[in-house]
Each structure stands twice: as structure tokens, then as C-alpha cells.
Amino acid sequence: MAESTVLQFSPFQSHVEEGFWKRLSSLKLNTLGLDETPVKITGFYGPCSHAQVSSHLYLLDESLPANLAEESSSSEMVLGNRNRCPIPGTLYNTNTLESFRGLDKQSLIRKEAKKIWEEICSGRVEAACAVLSRFLVISYADLKKWTFHYWFAFPALVLNPSALVSKLQPASEWFNLEEGKSLSEACNEWRKSSLTAVPFFLVIITADSHVTLRPLKDWETCQRDGHKLLFGFYDPCHLPSNPGWPLRNFLAFICSRCKIEKIQFLCYRERHGLADLTHSLVGEALVSISQEWKNPQFIPEAVGWERNGSKLAPRRIDLATSMDPIRLAMSAADLNLKLMRWRALPSLNLDKLSATKCLLLGAGTLGCQVARMLMAWGIKKITLVDNGRVSMSNPLRQSLYTLEDCLNGGDWKADAAVRSLKSIFPGVEAEGFTFAIPMPGHPVQAKETAGVLEDCRRLQNLISSHDVIFLLTDTRESRWLPTLLCTNANKLAITAALGFDSYVVMRHGAGVSADDKDASFSVCSSGIEGHESRRLGCYFCNDVVAPNDSTSNRTLDQQCTVTRPGLAPIASALAVELMIGILHHPEGMNAPGEMASSISESSSQPLGILPHQIRGSLSQFSQMVLVGSSFNRCTACSNLVVSEYRRRELEFVIQALNHPNYLEDLTGLTELMDKARSFNLDWEEDDETDIETVL
Amino acid sequence: MKMASPCDGTLSPTEFKFAAEALMKKWEECKSILHPWIWIPCPKLPFGAPDKAGGYLSLEHIHHFEFKKQQDCIEQKYSEEEVEALDSATLVLSGENETHYYNFHIIYSTSYKVPVLFFRGYHQGGQPLKCDEVEKDLPLYTSKLLEESKWTFITQEEHPYLNCPWFTLHPCGTSEWMRLLLQQRLYSSRPEDLCSHYLVAWFSVVGQVIGLWAPLNLVHCSSSSSSSDTFCSHT
């Protein structure tokens with residue numbers, strides 16, 4: 001530069017590491033609370049070490065004291081190292097966004113500038129020169145959204161008139177070859193030594209081209225010695241025509257303390273940890289000491305609020321993904337499933353699983369286990385229906401409940417279950433409904449009719465708005481209406497039922513379509529009733545009596561509340577795994593039932609065979625895989641029943657609820673039974689066995 | 001140090017430390033344009049036995065240059081008078097190219113018995129990069145590799161010491177391909193060399209995936225100059 005121009009400084013840039021915000025959050029939560037007293041912090045910076053990128057002033061987690069008691073006891077600054085010169089700063093943390101925005105920025109920067117000015121005048125700068133770069137930060141921590149609003153200010157004392165630059169060139173051009181070599185050596189020595197965490201220093205060049213670096217406090221002696229003197233500093237800036245921000249206050253110090261108006265400075269920059277003389281700059285600044293400065297009361301103006309881009313505005317950082325525990329839990333769960341897919345089961349369709357909506361009818365031993373298992377598979381939408389309250393014996397066998405839920409008469413199971421699911425995995429979309437499923441054999445009083453119809457409608461709506469329905473209730477008859485509704489709506493229904501030491505888990509066959517040809521099937525003379533070979537059976541397809549009230553005269557093995565505890569987890573797990581298999585099968589619900597022996601089928605599906613029914617016994621520790629076809633006289637899923645339901649809807653349902661014989665008549669079971677009884681068998685009278693239901 | 005089990009691709013915690021030192025030394029020798037790896041000794045983990053590996057390798061503040069300027073999200077405009085008067089001595093920088101900063105850690109995994117690369121990226125100023133932003137920074141061939149290979153994929157995991165999520169190249173396949181890599185050397189070098197060579201060999205694969213080029217001579221033990229790369233160093 002030929003003539004003198006105003007020296008323009010490149011502003012400091014901030015970089016705040018996550019650790020700083022984390023520590024601030026915990027300080028705020030544990031110690032600060034609503035206290036808005038300024039907090040002493042430490043920033044760190046080192047000389048620029050890259051031709052294209054400036055270095056920043058960093059805030060790390062060590063920038064904040066771990067606890068505030070620590071802060072007041074030690075006035076020593078945090079130890080730095082060669083790349084991290086510690087710089088003192090002040091943090092003003094506010095409690096609301098409004099107060100953050102309302103802070104008086106001009107007065108804050110003036111306050112810090114005053115500290116700097118006083119430290120210059122008192123001579124403190126010579127002892128601890130890092131204070132020349134003192135800075136401040138204002139912040140607001142939104143600990144609900146994990147976002148942090150902040151704004152840095154690097155106060156620079158304004159020189160009036162502005163400093164002019166008469167020369168600015170790469171150091172390699174300014175120094176001669178010998179000097180340059182000596183300077184490099186001296187700098188590298190200096191940087192390796194323990195003195196290095198000091199960003200301002202003196203460069204002395206003797207007549208014989210020997211260069212030494214000295215601390216600022218030696219400036220008087222150095223001046224007296226009469227050698228060439230440069231004022232050096234770690235320059236964070238990388239630009240070839242501009243020095244970095246720290247030079248501003250350095251110039252203010254030099255002209256007011258050392259009383260020098262023609263200042264030669266060295267912008268020290270590095271490359272690969274060593275002095276880089278082509279990148280470093282040497283310049284000459286012309287500063288005029290104004291009269292005002294001689295006035296002891298005077299405090300210079302200061303500028304230095306950090307720009308966001310090119311605008312004077314605060315910054316905001318969003319750390320929800322790494323600090324919000326709910327997000328962290330969700331991404332961990334996601335990872336678990338993805339690993340399964342990557343390593344073991346590439347055909348696993350995780351998107352389909354997380355989009356599948358499951359309805360669980362019953363929130364007891366089976367319902368709780370099924371719900372947990374579904375979450376483990378990544379199912380997000382789970383709805384539970386139960387009409388009971390949590391009772392004292394429940395938490396032992398029903399894995400979603402705790403003692404808390406039993407108190408004060410017990411919470412509604414559906415609600416308690418939803419709460420529990422959310423506490424296990426916050427990302428679940430769980431909903432609970434408390435109402436009873438209407439059951440045949442439990443007649444409806446006239447005044448209750450409206451309520452029961454309402455419950456039927458609710459059940460209908462729930463079934464139509466979900467993809468998979470689990471029938472997990474504790475009576476046979478309560479499974480009738482859901483089975484019918486699922487068949488009608490062609491929704492996948494999975495039943496799990498328990499005996500004392502046995503269980504059955506099965507998927508119901510697909511729904512009946514309006515034009516199903518198997519409406520009627522005449523009784524064969526051989527007495528063997530024909531079964532539809534295409535559609536798989538439902539829970540009731542093996543029965544020849546309609547569901548009736550089973551609660552009043554229950555035999556021991558029908559009371560599934562008294563079952564071996566191991567059964568429910570086994571049956572529930574099988575029910576969920578069965579569902580996963582169905583969801584991954586190309587034919588889905590319509591897939592034929594497979595048995596273990598069907599090797600050709602099983603090898604094609606990565607998850608294994610897709611059974612229709614699994615019946616197990618704990619007394620034998622055994623399990624069987626069975627296939628059953630749908631029965632064309634089934635009281636729940638046959639075309640006879642479904643078409644009647646479609647014709648008369650809820651009127652039909654009420655009739656079935658009040659008169660179970662009606663179903664038997666409708667399906668022709670009555671007729672069948674009569675025929676069976678009248679069948680002339682060639683054995684003794686007293687050997688006649690009643691045809692009873694199987695499970 | 002003689003490797004206890006050179007044949008299965010894994011290494012013990014003490015072997016890891018040894019291998020780490022060897023990597024650091026070799027890296028410096030080769031005068032990479034990236035600055036050296038630093039060993040961070042570990043504090044004792046709160047539960048269980050102290051970490052036998054004793055620490056991990058760290059390479060921080062690596063730049064990745066982005067050639068689009070990101071949009072600043074400025075919520076409220078402040079007038080100049082409200083904040084401070086315009087100052088003639090301040091250089092106001094107009095549209096700068098955005099730089100991303102990356103930190104890399106090589107940490108020993110006790111369950112898989114192999115080193116794992118953890119990495120995290122940031123915008124200028126400190127906002128962490130999201131997964132899709134990181135993926136954009138990766139070399140083009142990597143995204144293809146990540147989709148196809150069952151041995152390399154990026155997951156987000158909790159950093160074992162820093163208590164926040166970092167990206168990692170999942171280690172489950174590492175022992176398999178390390179075994180293959182080491183087998184070649186098994187016959188040509190002494191067993192002692194195998195251990196010191198472990199991390200160098202490992203890094204030659206992993207570094208490429210991330211676009212963090214190892215200097216060419218790191219693997220070949222010759223002193224040629226290093227190639228230019230996607231990432232540059234910033235101390």
C-alpha cells in the first residue's frame with residue numbers, strides 16, 4: 001500500500017462447542033436457577049493455521065466453571081496450551097427470550113471496554129496480556145426446546161481518529177533471509193515453550209539479524225536497547241490484506257502506554273504448527289494519541305458485536321437431536337431395528353412396521369405383553385381397549401402396571417397401560433379406550449341398548465381405523481363380535497387364548513367378500529361336514545355351539561385368569577411374531593397356513609414358516625402348528641353370518657347378543673346338531689358323548 | 001508387541017494402544033498436510049472396570065469446504081443504532097463460503113474388539129451437522145458403498161466418553177475385513193509389525209470411506225508427497 005489508508009480489522013469469529021451448552025444447561029439447572037449474575041468464562045484461540053480459514057474464538061465445556069464456588073476461589077485463568085490461549089470473558093445469561101432481546105447492548109459492551117481500558121492504564125496488561133482480548137457473551141438457554149440464543153461481543157477500543165496503515169506485507173518480504181530464519185526459529189521455540197499461551201509479545205531484531213521474542217512486560221527495556229522492535233500477536237485472521245481483531249486493543253495499549261505513534265506489528269500466523277512467514281504479515285500503523293485519552297476519566301468508545309453473516313444479529317443453535325432425551329431414545333430404538341435389518345434380515349420392512357396400526361382388545365396379561373412386544377418391533381401406533389380397573393393382583397402378571405396404578409380403587413386399565421407405554425418409550429402413539437365389548441349370552445336390558453349400540457359403533461370404528469386387531473380378552477364370547485367385525489372389514493385379526501396350562505395363538509382367515517360362492521353347503525350323507533378349503537378358519541370355526549355366557553358356570557380350565565404365569569408371555573410373543581410374519585409375507589392375510597413340514601414354503605420366506613394356528617402345552621413343553629379351514633357354518637365368520645350382519649347391522653348384533661340360539665339357527669348349526677344326535681351310531685347308548693367345543 | 005490373535009481381525013485393548021502410538025508416529029513421519037492425531041487419555045468410566053485401552057485418538061477441526069452459502073436464520077433484525085454505530089475500522093465480510101468442521105475420534109470397542117471411527121460435523125459457529133448434511137459432505141462413491149455394502153454403514157451412537165450422539169462407521173463387519181487385510185501381511189512381515197500396522201491398515205480403508213485421505217505414503221512406507229484431499233487441517 002503506497003499511501004496510508006484506514007486500517008481495517010477482520011472481526012473475531014466465535015465457535016461454541018456443544019459441551020459448553022451442556023455445561024451451561026446443567027449449571028443452570030443445578031446451581032444458577034434464575035440467577036442472572038454474570039458468570040466468568042474463558043474463551044480459547046490460537047493463531048491462524050490455514051490459508052483459507054480464520055481461526056475462531058472457542059468456547060468449550062472447560063470455558064465454564066464446573067460449579068460456581070470454584071469460580072470465585074481461583075482467580076487464575078484456565079490453563080491453555082499452544083493452540084488454546086485462554087482469554088477471559090463474561091457471560092450474561094438471561095431467563096427469558098424477552099429479557100435476552102431487551103438487554104442494553106451498548107452499556108454491556110461499554111462495561112467490558114471499561115475493564116480493558118482500566119487494565120491498560122493500570123499496567124495489568126503487561127502482566128497478563130490476554131485481557132486485551134476480553135470478550136462478553138449474552139445468552140438465553142431454552143431448556144425445553146434445547147435451543148440456545150447467544151451473541152458475542154469482542155470489545156475493541158475505538159481510536160479517534162482511526163489508525164492508518166502505511167505498509168502491510170507478508171513477513172517473508174519484510175524480513176531479510178537471515179532475519180526470517182531467525183524469526184522462524186525463535187517463534188517455533190517460543191511456541192514450544194511453556195510461555196506460549198500468551199497471545200501478545202515483542203519481537204526484537206538485533207543488528208546481527210538475531211531475533212528474540214520477549215513478553216510485553218519487557219517493553220521498556222527493549223525500547224531502551226534500541227534494537228528494531230515489532231509488536232507481535234497471534235493473528236486469528238487468514239486474509240492477506242487485513243490483520244485480525246486482537247490488534248485493535250493492542251494498538252490502543254501501545255499508543256497509550258508505550259506512547260508510540262508509529263507502530264510496527266507482526267500478525268503471527270502458522271501452518272502445520274510452525275511459523276509461516278509468507279502467510280504472516282508485517283505492517284506499520286499510524287496512530288495519533290488524541291487529547292481525550294490523556295484525561296484520566298476518559299473511557300474510549302467500543303465496538304465489536306459479532307455479526308451474523310453480514311447483519312448485526314444474535315445466533316441460535318439447536319441441540320435437540322443431541323440433548324433431548326426423547327429424541328435420543330427414539331434414535332436408539334431405531335438403530336436397534338436397523339442393525340437387525342443390516343446384519344441379519346435385509347428384507348425386514350421397518351417402514352411398514354412403524355406404519356402399522358395395532359388395536360389390542362384387552363389390556364390384561366396378554367394385552368400388556370403384546371403391547372411391549374409390538375413396541376420392541378418398532379410399531380408406533382398402539383390402541384388398547386379394556387373395561388376394567390387395575391386390581392392389586394394385576395401388576396404381577398400384567399407387565400404394564402405397578403402398584404401405583406392399583407391405588408384408590410385402581411385406575412382404568414386402558415389409561416394406565418397407555419401411561420406405562422409412554423414411560424417406556426416416549427415415541428409411541430398410544431391411546432386407550434374404556435368400554436366393554438358386547439357379548440352374546442349376556443342379554444342387553446332395554447335401557448342399556450343405546451349404550452351397547454354405541455359401544456358396537458366404537459368398536460366398528462376402531463377396527464376400521466387400525467390394520468391389525470389382537471383379540472386378547474378373557475372370555476370366549478367377548479371374541480365373537482370383534483371376529484365378525486374383522487371378517488366383515490377384512491382386517492387381520494390375531495387371537496391368543498389361554499387355558500390353565502395350554503394356549504392357542506392363531507390368525508383368522510381373510511374376510512368374506514360379498515360374492516363368496518360358498519354360501520351354502522349341503523350336509524353330506526357321510527355326516528362329515530365340508531370345510532372351505534380356501535379361507536383359513538377363525539377362533540370359532542371349530543365350534544359347533546354358539547358362544548354363550550361362560551362366566552357364570554365356568555369350569556376351572558375356562559377361567560383363564562388362573563393360568564400358569566409362563567403362558568401369557570409365550571402366547572403374546574408368538575402372537576406378535578406371527579403378525580410380523582404376516583406383514584412380511586407377499587400375500588399377507590391371504591397367505592395359506594403352513595406347517596413345519598412344508599419345507600418348500602419355509603425356505604422362501606426369510607422369517608420362516610407362516611402358521612395358521614399354534615397350540616401349545618406347558619405340561620408337555622410342546623407346541624403344535626396346525627391348519628384349520630373356515631367352517632361354512634361358523635357363528636362368527638361364515639358368509640351366512642357376515643351377510644346377515646351386512647344386511648341388518650347392529651339390529652342383527654343385538655339379536656345375537658340377546659339370543660345366542662339365534663346364531664345357531666341362522667347358521668344351521670341347530671339343524672346340524674339335531675342331525676348328529678339323531679345319527680344312528682353303532683355303539684352303546686351310554687357311550688354317547690356330547691359334542692362339545694374344543695377350547 | 002506380538003499380536004495375540006492376528007488371525008481373526010480383532011485386537012486387545014493394550015494392542016490398540018500400541019497400534020495407536022504406531023499410527024500417530026507414522027502419521028507425523030509422513031508429514032501429512034493434516035495435523036497430527038492426539039491421544040486423549042480417558043477418565044475412568046463410572047461403571048465397571050477401568051478402560052484398559054486407556055484412551056482414544058483424536059483429530060479435530062478438520063475443514064470441509066462447502067461452496068454454497070447457508071441461509072442465516074435471523075429472527076429479529078436489530079437496527080444499527082440499537083446495537084452499535086458503524087465503525088470504519090471494521091471489515092465487514094460479505095457472503096463467505098460456508099465451511100464445515102469435523103472432529104474424528106478412533107475409539108476401541110470392547111464388545112467388538114476393534115477400533116471404531118466416531119465423527120461429528122459442525123457448521124461454522126458450532127451448530128452440529130445433521131445426518132443428511134454429513135452425507136452430502138462424503139465423497140460420492142461413499143453413498144453408493146453405504147447402500148450396497150453390508151460391511152459399511154453409518155449409524156448414530158452414543159460417544160462412550162463424551163455423552164452425546166456421534167456418527168460412527170458401525171464396527172460389526174470390521175473384524176472380518178481386517179482379517180482379510182492382515183492375512184496378506186501375515187506372511188510377509190514379523191508378528192510384531194502386524195500389531196503396529198493394524199491401525200494404519202484399518203485407517204486406509206475407513207479413511208477412504210469418510211473422505212479423510214491418509215497420505216499415500218502412510219500405507220506404503222515410502223516418503224512421497226501426499227495427495228490433495230477433501231479435508232484440510234485447521235489447528
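One aromatic cluster in chain A of this predicted model is formed by Phe12(A), Phe20(A), Trp21(A), Tyr45(A), Phe135(A), Phe148(A), Tyr150(A), Phe152(A) and Phe154(A). Rings of Phe, Tyr and Trp (its six-membered ring) are taken as paired if their centres lie within 6.5 Å; planes under 30 degrees apart are called stacked, over 60 edge-to-face, and the rest tilted. Residues are numbered from 1 along each chain as its sequence is written, and chains are lettered from A in the order in which they are written. Local features need pLDDT of at least 70 and side-chain atom pairs pLDDT 80 or more, while totals for chains, interfaces and linings use all residues; side-chain values rest on heavy atoms, with hydrogens and water left out.

A pair of aromatic rings is described by the distance of the centres and the angle of the planes. Over all chains, the count comes to 33 aromatic pairs. Phe231(A) and Phe250(A) make an edge-to-face pair, with 5.9 Å from centre to centre and 85° between the planes. Phe231(A) belongs to strand 11 (residues 228-234) of chain A and Phe250(A) to helix 9 (residues 246-257) of chain A, so this pair ties together parts 19 residues apart in sequence. Helices (H or I, at least four residues) and strands (E, at least two) are DSSP runs, numbered from the N terminus. Both Phe231(A) and Phe250(A) are buried, that is, under 20% relative accessible area, with exposed meaning over 50% and partly exposed in between (1.4 Å probe, protein chains only).

In chain B, Trp27(B) and Phe203(B) are also arranged edge-to-face, at 5.5 Å centre to centre and 85° between the planes. Trp27(B) is in helix 1 (residues 13-29) of chain B and Phe203(B) in helix 6 (residues 191-210) of chain B, so the pair links parts that are 176 residues apart in sequence. Trp27(B) and Phe203(B) are both buried.

Back in strand 11 of chain A sits Leu230(A), which counts as buried because its relative accessibility is 0%. Leaving aside residues up to four places away in sequence, Leu230(A) touches Trp174(A), Phe175(A), Phe201(A), Leu202(A), Val203(A), Ile205(A), Gln264(A), Phe265(A), Leu266(A) and Val282(A); contact means heavy atoms within 4.5 Å. Chain A as a whole has 24 helices and 27 strands, and 54% of its 695 residues are buried.

Charges over rings come next (NZ of Lys or CZ of Arg within 6 Å of the ring centre and within 35 degrees of the ring normal). Arg479(A) lies over the face of Tyr539(A), 5.2 Å from the ring centre. The charged end of Arg248(A) is placed over the ring of Trp245(A), at 4.8 Å from its centre. Arg248(A) also reaches Asp87(B) in a salt bridge of 2.7 Å, N to O, the cut-off being a side-chain nitrogen of Lys or Arg within 4 Å of a carboxyl oxygen of Asp or Glu.

Across the interface of chain A and chain B, two salt bridges are found. There, 60 residues of chain A are in contact with 54 residues of chain B. The buried area, meaning accessible area (1.4 Å probe) lost on putting the two parts together and summed over both, is about 4,800 Å², with 53% given by carbon and sulfur atoms. Leu312(A), Trp342(A) and Arg343(A) provide 13% of the area that chain A buries against chain B, more than any other three residues.
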